[in-house]
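Please look over the model shown here and work through some questions about its open spaces and its backbone.

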Amino acid sequence: ANARAAHFGRCGDGWQVSDALRGAVRWRVANILSTSEPGLWDIICCRNLAMYMRPECIDGLWERLENALRPGGILVLGSAERPLGAKRLSLVSPCIYRRVRK
């Protein structure tokens, strides 16, 4: 509850991210198959993408996402997605994977 109060404010029936947190976050939209984002990321939200991709495209997706995460970083997937063949991701809770520190 303290983290919610510190980083979110009420907005109608829901919550809105605070201006301070919004300013600290970098949001990106890109083609994961052709664009490499610079740097390592603390968290990548990639929900419900792989389930719509052809199998030959998915083969390199998990390695690309693993490489984009810093060690200890979090990958959030949709409930129908599993990073099969990923070597450096461990399941933390349903839909949430952490890159191991290797």
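Predicted model: local features only at pLDDT ≥ 70, side-chain atom pairs only at ≥ 80, totals over all residues.

Q: Which element gives the most residues to the lining of the largest pocket?
A: The largest pocket has a volume of about 930 Å³, and 29 residues line it, with Arg-28, Trp-41, Ile-43, Ile-44 and Cys-45 the closest to its centre. The elements that give two or more residues to this lining are helix 2 (19-24), strand 3 (41-46) and helix 4 (61-68). The element that gives the most, with six residues, is strand 3.

Q: Is Asn-48 buried, partly exposed or exposed?
A: Asn-48 lies in the loop between strand 3 and helix 3 (55-58), and its phi is near 60°, a positive value in a residue other than glycine. The relative accessible area of Asn-48 is 34%, and a residue counts as buried under 20% and as exposed over 50%. Because 34% falls in between, Asn-48 is partly exposed.

Q: What value is phi of Cys-95 near?
A: Most residues other than glycine have a negative phi. Cys-95, which lies in the loop between strand 5 (89-93) and strand 6 (96-99), has a positive phi although Cys-95 is a residue other than glycine. The phi of Cys-95 is near 75°.

Technical notes:
Residues numbered from 1 in each chain as written. Heavy atoms only, no water. 1 Å grid on protein atoms, 1.4 Å probe; cavity = no way out; pocket = protein on both sides within 12 Å on 5 of 7 lines; lining within 4 Å. Points joined across faces, edges and corners; volume = space filled by probe spheres on them. Helix = DSSP H or I, 4+ residues; strand = E, 2+ residues; numbered from the N terminus. Buried < 20%, exposed > 50% of the residue type's maximum accessible area, 1.4 Å probe, protein only.
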